[in-house]
Amino acid sequence: MRLADWDDTLRLARQARVLGMLAHRLRTEQGSEEHWRAIPERVRGHLQAAINYSAYRAQLVRMELRDLERALPAELPVTLLKGAAYLLQDLPLTRGRAPNDVDLLVRRADLDRAEAALRNAGWQAEAKDAYDERYYREWSHELPPLRYPNHPLEVDLHHTITPVTSRTRADAGLLFADLRPIPGSRFFALGPADQIIHAVIHLFQDSELEGELRGLVDIDALLRTHLRSDDDWRALIARAHQHQASRLLWYALRYCRDWLKTPIPEDLAHRNEDLAFAPPPAMARAALDWIFTRISPPRLPETPPTLSQRLAAQAGLIRYHLRRMPPALLVRHLLHKSWVAVASSNTRNGQ
């Protein structure tokens, strides 16, 4: 590769938040030291910096978890989600991955107690108005983000993995029934199938899909790590059915196979006809293909989005809102947010 090609590759990987993961694979999984040395020195510097940065972020998570462990009541079961769980479980996808925050899960009945313990220990919620407080506490699956003063990471306290108003509503009882203790820690992790389904829901329901290639990379890595046999695949399909996430999982498997060459059995639909694991309607597939292929891959900053990319981004935003709230609640929510934005603009302009 020419240096110009490396430059584009590095910038695109950084934009997609996968540079550290790419660097780690080039450094440790692609052969000998000779292979690494064949990469131009200036490029190796950027790759090594990404590896170092991901290690720094991982250490921040470990430090935050030590503080959280002391703050939360010892008898209170606490589950780690996403990056923090992957890190303490030492899953392969954590190599070079830079986590953004710490996500905790407790039972709904323990939510107030967990929040009180964190607030008493010094964690503070971001300032929210009365509407936002109600939104988080009645309609969301988590509380407003918490942060200890001068700590770089937010803590998100969940009571389930999907908003209570969303189309896909995971069965919290099933999640808590299959928790796995993390060795050497007081924390728990979701069961393997639930970890995969959570990642699927996070990408295909709880994101706007724009610039979300890393979410697909995470799903690919979890599939490769957790699924070893036909029974594992059947258990995953069954679990998605129980969590009302079959269609989202179908999309995830399709894009993982097509984009990342994830080893997925070809006849899953035939094996699981009793669980309705069938392709979505053709129009729905075409619509998501049109959105996902245009806005999920990274784009160089100096390359302006095309008209179709701008339209796809708007469609992704609309889809995100429609999946999270029923129409009446969504209209109310958007009207409130619009009113707040107008009032804030008028205040800034001195009107």
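Entry one. I looked up glutamine 195 and found it in helix H9, residues 192-204. The model is a predicted one, and I keep that in mind throughout. Is glutamine 195 buried or exposed? I get a relative accessible area of 4%, and since buried means under 20%, glutamine 195 counts as buried.

I then checked what surrounds glutamine 195. Its side chain makes a polar contact with the side chain of glutamine 89, at 2.6 Å. Setting aside neighbours within four places in sequence, I noted that its contacts include Ala85, Tyr86, Gln89, Leu222 and His226.

Entry two. I turned to strand E2, residues 102-105. Val102 and Leu104 point one way and Asp103 and Leu105 the other, yet all are buried. Which strands pair with E2? I found E1 (residues 79-81) running antiparallel to E2 over three bridges, with threonine 79 as the bridge partner of leucine 105. E5 (residues 155-158) runs parallel to E2, joined by four bridges, and there aspartate 103 stands opposite aspartate 156.

Last, I looked at how helices H14 (residues 282-295) and H15 (residues 307-324) pack: the angle is about 115° and the axes are 9 Å apart. H14 passes H15 in a left-handed crossing. On the H14 side I listed Leu288, Trp290, Ile291, Arg294 and Ile295, which meet H15 residues including Leu311, Ala312, Ala315 and Arg319. I sorted the residues of this contact into eight nonpolar, three polar and two charged.

Conventions. Residues numbered from 1 in each chain as written. Predicted model: local features only at pLDDT ≥ 70, side-chain atom pairs only at ≥ 80, totals over all residues. Heavy atoms only, no water. Buried < 20%, exposed > 50% of the residue type's maximum accessible area, 1.4 Å probe, protein only. Helix = DSSP H or I, 4+ residues; strand = E, 2+ residues; numbered from the N terminus. Pairing = 2+ DSSP bridges. Axes fitted to C-alpha atoms, helices over the stretch in contact; angles between N-to-C directions. Left-handed = near helix turned anticlockwise from the far one by under 90°. Contact = heavy atoms within 4.5 Å. Nonpolar A, V, L, I, M, F, W, Y, C, P; charged D, E, K, R; others polar. Polar contact = N/O pair within 3.5 Å; in protein donor to acceptor, adjacent residues only side chain to side chain.
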